[in-house]
Amino acid sequence: MVKQTMVFGHRGYPAKFPENSLAGFTYAVEHQIEGLEFDVHLTKDSVPVIMHDEKINRTTDGKGYIQDYTLAELRQFKLANGDPVPTLAEFLKLVANQEVQLNLEFKTDKIQYPNIERIVMGMVHATPLRHPVIFSSFHLPTIKRCQALAPDELYCWLTDKRVKDPVDFVRQEHLAGLHLSHYQDGVPVVERIWTVDSVRQAKRLFQDHVAGIFTDDFVTMMALKRELLD
Ligand code: G3P
Ligand code: MG
């Protein structure tokens, strides 16, 4: 049987909820989302929290860098729906024993948070999950550090550049695949593409059976996928 493309909610369900919010993740899990992508940073007191940017300015009512706040300080600020910034612990509690496939992105390309790999992997390993987590990062040294701690996990490199010799690269870096902003057609490696919000692009990717897409509107993309399968 030909493998189907997995639909990942990119930062949850940002078409309807604040991105990377517990409200969006909860809705997605309750509506049988296939996959969830989310971004992880560390607070000043080394607590993993979920947010896209290094700074809280764009998505909360506060200002400044996540790394400059303790969790207690960070929790005073609110997302657009009034929720606090979610912790990884809260998120893992929500998805424990659920069918959803997780993609945890280490947001370490601009700031290297001390020990983030060990802290995050330890929490994930302590959670009962139905599927192995896919770990991704734009920052290859982060992936290398994770591989040293847990060599058998699934690691994917994120890039917005064209990858030269993807088959060799994936083999040399012991990767499970590539997460790309531009589809590299006809390459025999696992590819997941972000951020796919155009129906036309999604149709092509579904028809080509790429491994996954990351989308801001998983409801629309799941409906399209069902339509194409009928
Ligand atoms: O994991 C895919 C995508 O999330 C990577 O880009 O900047 O949205 O985290 P970004
Ligand atoms: Mg991301």
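This briefing describes strand pairing, helix packing and the surroundings of a ligand in a predicted model. Because the model is predicted, local features need pLDDT of at least 70 and side-chain atom pairs count only at pLDDT 80 or more, while totals for chains, interfaces and linings use all residues. Residues are numbered from 1 along each chain as its sequence is written, and chains are lettered from A and ligands numbered from 1 in the order in which they are written. Helices (H or I, at least four residues) and strands (E, at least two) are DSSP runs, numbered from the N terminus.

**Ligand surroundings**

- Ligand 1 is surrounded by His10, Glu37, Asp39, His52, Glu105, Ser136, Leu158, His179, Trp194 and Phe214, where a residue is near a molecule or strand if its C-beta atom, placed from the backbone, lies within 6 Å of it.
- By class, this shell has 3 nonpolar, 4 polar and 3 charged residues; Ala, Val, Leu, Ile, Met, Phe, Trp, Tyr, Cys and Pro count as nonpolar, Asp, Glu, Lys and Arg as charged, and the others, Gly among them, as polar.

- Of the 5 residues of strand 1 (residues 6–10), 4 are buried, so strand 1 is largely enclosed by the rest of the structure; a residue is buried if 20 or more other C-beta atoms lie within 10 Å of its own, exposed if 12 or fewer, and partly exposed in between, with C-beta atoms placed from the backbone.
- Strand 1 pairs with strand 9 in the parallel sense over 4 bridges, two strands being paired if DSSP finds at least two bridges between them; valine 7 has isoleucine 213 as its bridge partner in strand 9, and phenylalanine 8 has phenylalanine 214.
- Strand 1 also pairs in the parallel sense with strand 2, over 3 bridges, and histidine 10 has glutamate 37 as its bridge partner in strand 2.
- From strand 1 the chain crosses through helix 1 (residues 22–30) to strand 2 in a right-handed β-α-β crossover, that is, with the strands pointing away from the viewer, the path from the first strand over the helix to the second runs clockwise.
- Strand 9 (residues 212–215) is covered on both faces, with Gly212 and Phe214 buried on one side and Ile213 and Thr215 buried on the other.
- Strand 8 (residues 191–193) pairs with strand 9 in the parallel sense over 2 bridges, and the chain crosses from strand 8 through helix 7 (residues 199–207) to strand 9 in a right-handed β-α-β crossover.

- In helix 4 (residues 116–125) the buried residues are Ile116, Glu117 and Val120. They cover an arc of only 90° around the axis, which puts them on the same side of helix 4; the arc is that of the directions from the helix axis to the C-beta atoms.
- In helix 5 the buried residues are Thr142, Ile143 and Cys146. They cover an arc of only 100° around the axis, and therefore lie on the same side of helix 5, whereas Pro141 and Ala148 on the other side are exposed.
- The buried residues of helix 5 pack against strand 4, helix 4, strand 5 (134–137) and strand 6 (154–159).

**Valine 170**

- Valine 170 is found in helix 6 (residues 166–172) and is buried, with 22 other C-beta atoms within 10 Å.
- Leaving aside neighbours within four places in sequence, valine 170 is in contact with Leu175, Gly177, Leu178 and Val189, contact meaning that the C-beta atoms of two residues, placed from the backbone, lie within 7 Å.
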